[in-house]
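Visitor: I am new to this structure. Please show me how to read a few of its features.

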Amino acid sequence: MLYYFGNTMDRLQINDKIMSSFLDKLTIYDIILCILVIAITIYVHRILFRPYQLVRNVGDVGYITDGRNKKEVANEIRKRRRAGDVPPVYPNGWFSVLRSWELKQGEVKYVSALGQELAIFRGTVDNKPFIVDAYCPHLGANIGVGGQVKGDCIQCPFHGWTFNGSDGKCIDIPYSSKVPEFASIRTWRCLEVNGEIMLWFHAEEEEPDWFPPEVEGIKNGTMIYHGYTEHHVNAHIEEIPENGADLAHLHHLHSPFVAAGRDLRFTFSWLWKWVQHDWHGEWSVSPSDKHIGVMTLDHSLTIFGKKFPVLTTLAVEACQIGPGIVHLRLRHPILGDSIMVQTVLPMGPLHQKLVHSMFTTWRIPRPIAKIFMWSEALQVERDLMIWNHKMYQSKPMILKEESTLVKHRRWYSQFYSENSPRYSTRKETLDW
Ligand code: FES
Ligand SMILES: [Fe+2]
């Protein structure tokens, strides 16, 4: 026993000696090298394994700032711009108000969108999301700020009235033995699909006559999630889907190679003329569902006027489902299929939150999926610079080659109804 103890002590002493001589020899350069190796390892790990995450807030991109404060520039342009004779600002349909991962069980969030103030919470009974008006009918506290989830109910943080998430009925008032019949809060129809919490908005409060389709690969988990991009756009909601039917802009705005960047002052530089994106597409209303518009596109790269081989070809099918959802299917001849779920949420009359979430089959490694997402985001940011500054032309000068634009406007008008909220300049004078 003593022998063993002595031996251990010896070993500890030897280890101490090695350690202290190692520390003595360490120089500042060794420490810097260590920090560099750790930083590079973390960075490479992020690129290879972590899902993509890109958030561009109002003013981050799409404005010419020239060193000035981004928010100030965005506000100045917003005040100066002529909006044009825009259609109603909040169309009828399903809108993604949160992504599923943004709302944990038992959590409540306050969301302001579609001209409504909402409290969105996830019940603890079977993990279902519920949407109610944010303002409590009692004395007007915002339930989305500090409300407590109790099963499938939400308790107001002010006096503790508790409302049922499914029908809005008040089920408990802590200081009253009886709950009056009239005590209730407005609820909103909601469902969770493809990793999105969707809300049904209708100006006449009609029930939905269509539902967002589920993507099989997302539902059964065979498609892998690779992250998301989020852009805040300063435009009317219809400008975003109209882009899909505007085939002429593809050949101009999206033809310069992605490396030419997003800033339209430099995108068309002669430096990048030798390599171009080539797009061929069409747009039509789905024959099976009048709420769906379909754009089909073939993409390839042209280098020095010659089509690049199969590697750069991509078949794209973009299904515009109602006013605020797009399923963008990308088919690559070697890598296989991927899907981007695009959602648009009107945060204000001329302020849209545009989100792309990407899912692919196992054949597409994460770095490649990230390149797809980065390229898509960059092309979107070219559109964004246009959207942030343009006015809505209600009577555009359209050529016969652009007839899909007229068809798209006619198709999109089905999402407006008599009471759809109209644009008012008074609200729009508020700063971001
Ligand atoms: S304001 Fe909500 S309970 Fe009083
Ligand atoms: Fe575009």
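The dialogue below takes up strands and then helices.

Guide: This is a predicted model, in which local features need pLDDT of at least 70, side-chain atom pairs count only at pLDDT 80 or more, and totals for chains, interfaces and linings use all residues. Residues are numbered from 1 along each chain as its sequence is written, chains are lettered from A and ligands numbered from 1 in the order in which they are written, and side-chain values use heavy atoms, leaving out hydrogens and water.

Visitor: Which strands does strand 5 pair with?

Guide: Helices (H or I, at least four residues) and strands (E, at least two) are DSSP runs, numbered from the N terminus. Two strands pair if DSSP finds at least two bridges between them. Here strand 4 (residues 116–122) and strand 5 run antiparallel, joined by five bridges, with Leu118 opposite Asp133. Strand 5 also runs antiparallel to strand 10 (residues 187–188), through two bridges; there Ile131 faces Trp188.

Visitor: Is strand 5 enclosed or open?

Guide: Buried means under 20% relative accessible area, exposed over 50%, partly exposed in between (1.4 Å probe, protein chains only). Strand 5 (residues 129–133) is largely enclosed by the rest of the structure, because four of its five residues are buried.

Visitor: At what angle do helix 2 and helix 8 cross?

Guide: Two packed helices are described by the angle and the distance between their axes. Axes are lines fitted to C-alpha atoms, for helices over the stretch in contact, and angles run from 0 to 180 degrees between N-to-C directions. The axes of helix 2 (residues 28–49) and helix 8 (residues 366–387) cross at roughly 80° and come within 7 Å.
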